[in-house]
Structure formats: structure tokens, C-alpha cells
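Trainee: Could we go through this structure together? I am new to it and would like to start with a few contacts.

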Amino acid sequence: METRVEELDGDTVRLTVGVPAHDVHHAVEHATSDLASSVKIPGFRAGKVPTPVLYQRLGKERIYSEAVDS
């Protein structure tokens with residue numbers, strides 16, 4: 001993981017963090033698995049919701065948010 005700190009005006013800093021694509025991919029897979037088991041989508045049993053259906057119903061932003069939080 002690569003980090004960079006830039007000092008801006010006053011007491012403000014900008015923190016830039018680089019995360020390897022493999023780690024992001026793993027976090028997104030884990031988040032989709034967790035969401036598939038916790039959301040109720042008609043026509044699917046808990047934990048059996050396909051990933052494309054999750055993206056369609058929940059949206060990419062929700063899945064990425066869950067990945068970042070985990």
C-alpha cells in the first residue's frame with residue numbers, strides 16, 4: 001500500500017492512499033458475499049443471490065461502500 005501526504009493551506013493535509021487492485025477485488029467479492037446473505041431479493045434464497053443481480057438491485061456504489069467499510 002502506498003501513501004502520500006500533502007500539506008495544504010493552514011492545518012489541512014491531503015492524504016492519498018494507493019491500494020493494489022487485488023486487494024480491492026477481494027474486498028468487493030467479500031462485500032457481495034456478505035450482502036447476498038443479508039438482503040432479501042424476491043426469487044432468491046438468502047446467500048444465493050447472483051452478483052449481477054446484486055449490482056442491478058443495490059447499485060455499484062452500495063457494494064463499493066460496503067467493501068470500503070469492511
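Trainee: Leaving aside its neighbours within four places in sequence, which residues is T32 in contact with?

Mentor: Please keep in mind that this is a predicted model. Apart from neighbours within four places in sequence, T32 touches T51, L54, Y55 and I63. T32 itself is placed in helix 1.

Trainee: Is T32 buried or exposed?

Mentor: T32 is buried, because its relative accessible area is 7% and buried means under 20%.

Trainee: And what about A31, buried or exposed?

Mentor: A31 is buried, with a relative accessible area of 1%. A31 also belongs to helix 1, which covers residues 21-38.

Trainee: Which residues does A31 contact, leaving aside neighbours within four places in sequence?

Mentor: With those neighbours left out, A31 is in contact with I63, E66 and A67.

Trainee: Which residues of helix 1 and helix 3 meet?

Mentor: On the helix 1 side they are A27, V28, A31, T32 and L35, and on the helix 3 side R62, I63, Y64, E66 and A67.

Trainee: At what angle do the axes of helix 1 and helix 3 cross?

Mentor: They cross at roughly 110° and come within 8 Å, helix 3 being residues 60-69. Helix 1 and helix 3 are therefore roughly perpendicular to each other, since angles of 65 to 115 degrees count as such.

Trainee: Changing topic, how many salt bridges does the structure hold?

Mentor: There are two salt bridges. In one, the side chain of E6 meets that of R4 at 3.8 Å, N to O. In the other, the side chains of E6 and R14 meet at 3.7 Å, N to O.

Trainee: How accessible is R4?

Mentor: R4 counts as partly exposed, at 47% relative accessibility. E6 is partly exposed too, at 27%, and R14 is partly exposed at 43%.

Trainee: One last topic: which residues make the nonpolar surface patch?

Mentor: M1, V5, V13, L15, V17, V19 and V24 make a patch of about 700 Å². Its largest share, three residues, comes from strand 2, residues 13-18.

Trainee: Where is V17 placed?

Mentor: V17 is in strand 2. With a relative accessible area of 41%, V17 is partly exposed.

Terms used. Residues numbered from 1 in each chain as written. Predicted model: local features only at pLDDT ≥ 70, side-chain atom pairs only at ≥ 80, totals over all residues. Heavy atoms only, no water. Patch = residues over 30% accessible without salt bridge, like charges linked within 9 Å, V, L, I, M, F, W, Y side chains within 5 Å. Areas by Shrake-Rupley, 256 points an atom, 1.4 Å probe, with all protein chains shown as cover. Salt bridge = Lys/Arg side-chain N within 4 Å of Asp/Glu carboxyl O. Helix = DSSP H or I, 4+ residues; strand = E, 2+ residues; numbered from the N terminus. Buried < 20%, exposed > 50% of the residue type's maximum accessible area, 1.4 Å probe, protein only. Contact = heavy atoms within 4.5 Å. Axes fitted to C-alpha atoms, helices over the stretch in contact; angles between N-to-C directions. Parallel < 35°, antiparallel > 145°, perpendicular 65-115°, else oblique.
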